[in-house]
Amino acid sequence: MTKSGETVVSGPGDALWYKDAVIYEVPVKAFFDSDNDGIGDLRGLISKLDYIKDLGANTVWLLPFYPSPMRDDGYDISDYRNIAPEYGTRADFRLLVRELHHRDMRVITELVLNHTSDAHAWFQAARRAPHGSVKRDYYVWSDDDKKYAGTRRIFSDTESSNWTWDPVAGAYFWHRFFSHQPDLNFDNPHMLQAVLRNMRFWLDMGVDGFRLDAVAYLCEREGTSNENLPETHAVLRRLRAELDRHYVGRMLLAEANQWPEDVREYFGESDECHMAYHFPLMPRIYMAVASEDRHPVVEILRQTPEIPASCQWATFLRNHDELTLEKVTDRERDYLYNAYAADPRARLNLGIRRRLAPLMENDRRKIELMTVLLMTLPGSPVIYYGDEIGMGDNIYLGDRNGVRTPMQWSPDRNGGFSRADPQQLCLPVNTDAVYGAQTVNVESQLRSPSSLLNWMKRLIAVRNAHRAFGRGSLVLIEPGNRKILAYLREYLDETILCVVNLSRTPQAVEIDLSRYAKRVPVELTARTAFPPVRDTPYFLTMPGYGFFLFRLSDESGVPEWREERVPRVELQTLVMPDGWATLFGATSGSNRVRQALADRTRAQWKREVLTSFLASRRWFETSGNRSPVIEILEHAEWEVGGRSWLLALLSVTDGGEKARECFLPMSIDWGDTDDIQSGALRPWALAYVRQQDRVGLLYEAFGDDAFCHALVAAMAVGVELPFAGGTLRLQCNAGVSLSGDDAAGPIRRLLAQRNDIGIFFGSTLYLKIYPAPTAGVSADVELGRVQSEVAPYASVPAIVGTLALERANGATTVLGVLQRVVENQGDCWDYTIEYLERHFDDHAQSATLDQDTSGPGMDVHAQYCLLAGRIGQRTAEMHLALAAAGEGAALATEAVTAPDVEAWTLQAVTELDQVLAHIRVQGQRHTAVDLKARGGQQK
Ligand code: NOJ
């Protein structure tokens, strides 16, 4: 806030930033020691901000760093407005905030409202102040220790009462935690004013949010449990009003370890806290994994009330305290103790003082599974420092210190945390064989692509690329197999399906996704497309503790392998008593029953068989949900060497659009249908056919080797067929020598092309078919003709033959071209997309990758640039060849002017800027997906 009282906005951007936050919890004391005195400090933390950013976290939550006797690790504050000298100075803090904001990160600090240290000046004054005075009433006093008898003790292992006698005051003071932490008295308006001033002090220092410690216990009233009192909520509303009056984009996070309906109250009507920890969910995640049953998680999520639109849960697995089991039933607590804390030393108060990795018995699959839940269930995730590398704990240290040991940066002395003498450290570094710094440390894990740390980075990158995780709704799906937890996260037009196997054994699951029929699940960590969803349950098999995160995509292509391996819908059987003739009404005899049967077959063929066949073709894109109307414009039988094929020209009208034409040659294989079912013809199949007791397969003839060879042979000699009121002409280009033998090599097909069907004949010829052709000049044919006939150029595949339909009015539609194959190693576009994906993936693992591998002046992309240069050279050579042809208006040379070059440069730079901006906004992984999609359009 400024002195004038105007509103102050923290860092840049969205006021709801906390909804997309990935929070990293840091103890300054144990993170990094910059001055080697054995205690971590603010400058040490600043030097590690890039590490946190690189992990993918965008918000840092700082544990208390204020002056303190340190009897509750800093939650016993003796001066609210200063920095503990061992951690640094206010200037260091300001620098920290600046450095965070500079990195587009936020900072949350502790606002400990409920209590102070007994060393705080307020308490020292209060215990000496007269009864009933403002100063004395900063705290809660009593002449006896009998008041508020219905209040539970939180630190039950160390405190026998919530009252402690103060000989100086001659009275008992009230405390919910340690007896050196007197509770503040929120019934005293002067005290509340002082708290508000402290809050504003840190907001003015640039802090983006506060964790409100122990917020459920602020007020006391006789005859209650002294938790969640209406008076406490009134205090929070006061705090929020003060915040909203002067600041924008700041946030309050409630630490209220309560049941869901009670935690809900801390959001108020969007007039209390912006966030609250989901305390009830946390132990139930552990419960679900231990019992291999989703029930505890599903149940608590069902019991979780809706929260206001501007509010957000904070989810967590572990933090600096014991894993609290206060809000579970006695039976559940016993179960969890048995499962996770068999050693009594691991227990503290009503909880378990262990870190995530030891709780998961250091089983990488279980740690990953827990982390996936943390990253995908509703709320903003909080990562406890060190859990990203699987740090262990030390249950032989007192209180909760076992989970607060120094960060393990490297295998060096003191785990790279400090150069001080080991005895001098604030807490001993873990040295045991399994979790010690020699084994578990950042440096080693950064070097290993498969480390937990790098895996975490990839997962967080996935989360950061999809707002549905932070902002989306939750829909629980309950498949029959209870070991599987499945849910949808939906936001705007994005739907993400999360499926988690809570069991150690492999599981199969059928998930009802019929609402999303036709969508293609794209797995988010690998961007792999899975078979499309249908009306029937979606079947998945999962390894023990496995998980899937799928974007249910409606724009992503069908996976390329799918048609070879996954059956399309069940094929129908067409009864064809008169062979091909049945399909066109030319049935023999006048038997009315047979006529009726033939009519039925024709209707079935047009309405069902062709419709579902076309829908399965990648080159056939529908514009609407309505079934297309299909007409047979023309058909002709083509016989060669005892084989016959049916050539059909269809007109397809789809959703009121203009009719499109499709060229569909068909073949019938009267072989054994079992063979057909599993054989190479499956991807081309239209329907089974039956003629008396003969059963066969009707399929697209491009799947038939004999048909493909017949096409080439016909081009070699030149063939004309009367067709569609014109001529179907198969011919080879002038001056080209082509024989049927040129096509002798083994046939290989590319079925998943976007606009065409590709057929290779060995490594000599390539036939490109346009199944949905457009009338008029074909760029492929025109350019190919010039390059092969007028200005031959070796690096461009020569066109040797064409398949074209010449109409009666003279218009020509090219249905296919036959090209010579030029030996190549793939196309540059795909190469570039894959190259970028690889680069971004590597980069996502280590932000410093480029610097690591290249010295000054070295270019990591040198190899790629060489290739790009070669493409430029080849393109120029091609244009020279075209220019040399020097004829035809379309290909005639044009002078390039300086303004042309300027405009092209501007266009290239603008596009580059747009792409770079896109990369920055969307995150690297997401962009790689986009690039692929854009590639499809621009290619
Ligand atoms: C909650 C904190 O998380 C915990 O560490 C502390 O001991 C209590 N508040 C009391 O300050």
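Tutor: Two strands pair if DSSP finds at least two bridges between them, and strands themselves are DSSP runs of E with at least two residues, numbered from the N terminus. This is a predicted model, in which local features need pLDDT of at least 70, side-chain atom pairs count only at pLDDT 80 or more, and totals for chains, interfaces and linings use all residues. Residues are numbered from 1 along each chain as its sequence is written, and side-chain values use heavy atoms, with hydrogens and water left out.

Student: What makes β14 and β15 (residues 351-352) a pair?
Tutor: Two bridges join these antiparallel strands, and at least two are required. Within this pairing, R347 stands opposite I352 in β15.

Student: Why do β13 and β14 stand at the edges?
Tutor: The open sheet has three strands in the order β13-β15-β14, with antiparallel pairing. β13 (323-324) and β14 (347-348) each have a single partner strand, so one side of each is left without a neighbour in the sheet.

Student: What is the average pLDDT of the chain?
Tutor: The chain averages 88, and 89% of the residues score at least 70, on the predictor's scale of confidence in each residue from 0 to 100. Over residues 561-568, however, the pLDDT is below 50.

Key:
Helix = DSSP H or I, 4+ residues; strand = E, 2+ residues; numbered from the N terminus. Contact = heavy atoms within 4.5 Å.
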